[in-house]
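Please keep the structure in view while reading.

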Amino acid sequence: MEARKGPEASREYYRRLIVKMGNPDEQQLYSWNDRRIMRSPAPLRENLVQQLGLSGSPYSEEDAYVDDVQSFVSPWGFEFGSIKVPVRFFHGLDDLMVPPCHSEWLQRQIPTAGLELFPNIGHNLSQLMPHVFAWLAGNEAKG
């Protein structure tokens, strides 16, 4: 695995992979529902971004790939079992990029973690945000 050779090897592998895939089409990466949400009207997206105070990501897809694969092979600087605060994983069962077993494994590693699985939701975070906010608000109230 190239990731074990370090970030630059991962970056070079990503560049070769994208060329080999020939700029993969959305159907290879996103579920039908993810694609539907991504095509939602621009004013709706802009309104959400403004209301939530979000800014554009300073990272490229390439940077995200390198960070992801490095996290698989490098220590994170702490043990998962040492986490004491409540943690919740939200996973869409139609996610074509990350299998549910990844979230399930993470949940088993963290004693304070819970997991919610959602049918018909893929990798698109916007569909999960109402559930994330509800969980956060519930924990703040307990707080």
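## Basis of the description

Helices and strands are here DSSP runs numbered from the N terminus, a helix having at least four residues and a strand at least two. The model is a predicted one, and the element names used below follow that numbering.

## A histidine in strand E1

His-91 is found in strand E1, and with a relative accessibility of 4% this histidine counts as buried, since the word is kept for residues under 20% relative accessible area. Which residues does His-91 touch, not counting those up to four places away in sequence? They are Val-98, Pro-99, Pro-100, Ser-103, Leu-115, Glu-116, Leu-117 and Phe-118.

Two of the links made by the histidine are polar. The side chains of His-91 and Ser-103 are joined by a polar contact of 2.7 Å, and the side chain of His-91 also reaches the backbone oxygen of Val-98, at 3.0 Å.

In soluble globular proteins, nonpolar side chains tend to be buried together. In this model the largest nonpolar core has seven residues in all, namely Phe-80, Ile-83, Val-87, Phe-89, Leu-106, Ile-110 and Ala-113. Another core, of six residues, lies apart from that one, and among its members are Phe-90, Leu-128, Val-132 and Trp-135.

Ala-113, a member of the largest core, is in contact with Val-87, Phe-89 and Gln-107 when residues up to four places away in sequence are not counted.

## Aromatic pairs

With ring centres required to lie within 6.5 Å, the count of aromatic pairs comes to seven. In one of them, Tyr-14 and Tyr-65, the centres are 5.0 Å apart and the planes stand at 40°, so the pair is tilted. Tyr-14 belongs to helix H1 (residues 7-21) and Tyr-65 to helix H5 (residues 61-73), so the pair ties together parts that are 51 residues apart in sequence. Tyr-14 is buried, at a relative accessible area of 13%, whereas Tyr-65, at 22% relative accessibility, counts as partly exposed.

Phe-90 and Phe-118 form a stacked pair, with 6.4 Å from centre to centre and 20° between the planes. Phe-90 lies in strand E1 (residues 87-92) and Phe-118 in strand E2 (residues 113-118), so this pair ties together parts 28 residues apart in sequence. Both phenylalanines count as buried, Phe-90 at 17% relative accessibility and Phe-118 at 10%. Elsewhere, Trp-76, Phe-78, Phe-80 and Trp-105 form one aromatic cluster.

## A glutamate in helix H5

Glu-62 has its place in helix H5 and, at 15% relative accessibility, counts as buried. Which residues is Glu-62 in contact with, leaving aside its neighbours within four places in sequence? The contacts are Arg-11, Tyr-14 and Arg-15, and Tyr-14 is also the partner of Tyr-65 in the tilted pair.

## The second largest pocket

About 180 Å³ of space lies in the second largest pocket, whose lining consists of Ser-71, Phe-72, Pro-75, Trp-76, Gly-77, Phe-78, Glu-79, Phe-80, His-102, Trp-105 and Leu-106. The elements giving two or more residues to this lining are H5 and helix H6 (100-109), and H6 gives the most, with three residues.

The lining includes Trp-76, Phe-78, Phe-80 and Trp-105, which together form the aromatic cluster named above. Phe-80 and Leu-106 also line the pocket, and both belong to the largest nonpolar core.

How values were computed. Residues numbered from 1 in each chain as written. Predicted model: local features only at pLDDT ≥ 70, side-chain atom pairs only at ≥ 80, totals over all residues. Heavy atoms only, no water. Core = buried A, V, L, I, M, F, W, Y, C linked by side-chain atoms within 4.5 Å. Buried < 20%, exposed > 50% of the residue type's maximum accessible area, 1.4 Å probe, protein only. Contact = heavy atoms within 4.5 Å. Phe/Tyr/Trp six-rings, centres within 6.5 Å; stacked < 30°, edge-to-face > 60°. Polar contact = N/O pair within 3.5 Å; in protein donor to acceptor, adjacent residues only side chain to side chain. 1 Å grid on protein atoms, 1.4 Å probe; cavity = no way out; pocket = protein on both sides within 12 Å on 5 of 7 lines; lining within 4 Å. Points joined across faces, edges and corners; volume = space filled by probe spheres on them.
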